[in-house]
Amino acid sequence: MIIGVREVSTSEMLYPSTIPDAASLLISNIQSIQNKQAKSALAAYPNGLQIGGGITDKNALEWISAGASHVIVTSFVFHNGQIDFDRLNSLVRIIGKEKLILDLSCRRKVGDISGDYYVVTDRWQTYTDVAVNESTLQMLGSYCSEFLVHGVENEGKRCGILEDLVVLLGKYSPLPVTYAGGVKGMQDLERVKELGLGKVDLTIGSALDCFGGDISYDEVVEWHKKENP
């Protein structure tokens, strides 16, 4: 199980010295911070940070060259409600699929409590026509190295994970996949491990004590080490 931190302060680089091997950190919205700050963080932890937010085929290589291990892409690829294969192929051609993470952050349609989850873009406000299901995961798996999936309905609420989404990802993803959204306690780490059949990693952001939450960062690190001796 890999535990990542969704949001990272570029001024508090405690993580490189404490994050376990094989774990990753994410700078999830470079549009909200200065490029200089983001590149400073990448330099402090080269090839240990994944970066997303405003990534296109025009700047992806720049961020990889600056030290990002991967770039995370949503809106550039999921364009006008559909998968834009011209844009996707351009990214793969420029940086290679091994450096690309596709963000399939998703939510159900309003009022539909048991239907499909659909990829959402534009700060999770715009629905696409792309359902997160077996066929989508299998098809997109040939274009990237990982998936990142925020369960938008529970994101930032510390109300528990979307268990059915974790089950879906564990059952059908052909690639490493990280779930994010709703983590409220250490029990959610075990729950994701169980429901995801040991195939789904977990990202924790606002629930960590270093971001004002209740979950001990140090305890998460120790849990990870025990799971990955």
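**A guided reading**

Modeller: Helices (H or I, at least four residues) and strands (E, at least two) are DSSP runs, numbered from the N terminus. This is a predicted model, in which local features need pLDDT of at least 70, side-chain atom pairs count only at pLDDT 80 or more, and totals for chains, interfaces and linings use all residues. Residues are numbered from 1 along each chain as its sequence is written, and side-chain values use heavy atoms, with hydrogens and water left out.

Biologist: Why does G53 count as buried?

Modeller: Buried means under 20% relative accessible area, exposed over 50%, and partly exposed in between (1.4 Å probe, protein chains only). G53 counts as buried because its relative accessibility is 18%.

Biologist: How many helices and strands does the protein have, and what percentage of its residues is buried?

Modeller: The protein has eight helices and 13 strands. Of its 229 residues, 53% are buried.

Biologist: How does one read the two faces of a strand, and which residues of β7 lie on each side?

Modeller: In a regular strand the side chains alternate between the two faces of the sheet. Strand β7 (residues 100–103) has L100 and L102 on one side and I101 and D103 on the other, and all of these are buried, so that both faces are covered. Strand β12 (residues 177–180) is likewise covered on both faces, with buried V177 and Y179 on one side and buried T178 and A180 on the other.

Biologist: Which strands pair with β7?

Modeller: Two strands pair if DSSP finds at least two bridges between them. Strand β4 (residues 70–73) runs parallel to β7 and is joined to it by three bridges, with I72 opposite I101. Strand β11 (residues 146–150) also pairs with β7 in the parallel sense over three bridges, and E146 is the bridge partner of I101 there. In turn, β11 and β12 run parallel and are joined by four bridges, with F147 opposite V177.

Biologist: What is the strand order in the open sheet of three strands?

Modeller: The order is β8-β9-β10, with antiparallel pairing. The edge strands, β8 (106–108) and β10 (126–131), each pair on one side only. Strand β9 (residues 117–121) is joined to β10 by three bridges, and V120 has Y127 as its bridge partner.

Biologist: Which residues touch the most other members of the largest nonpolar core?

Modeller: In soluble globular proteins, nonpolar side chains tend to be buried together. A nonpolar core is a set of buried Ala, Val, Leu, Ile, Met, Phe, Trp, Tyr and Cys residues joined through side-chain atoms within 4.5 Å. The largest one here has 58 residues, of which V71, L104, F147 and L169 touch the most other members. Contact means heavy atoms within 4.5 Å. Leaving aside residues up to four places away in sequence, L104 touches F78, V119, V132, L137, L140, F147, L148 and V149.

Biologist: What share of the contacts with a separation of 6 or more joins residues 24 or more positions apart?

Modeller: Such residues account for 59% of those contacts in the protein.
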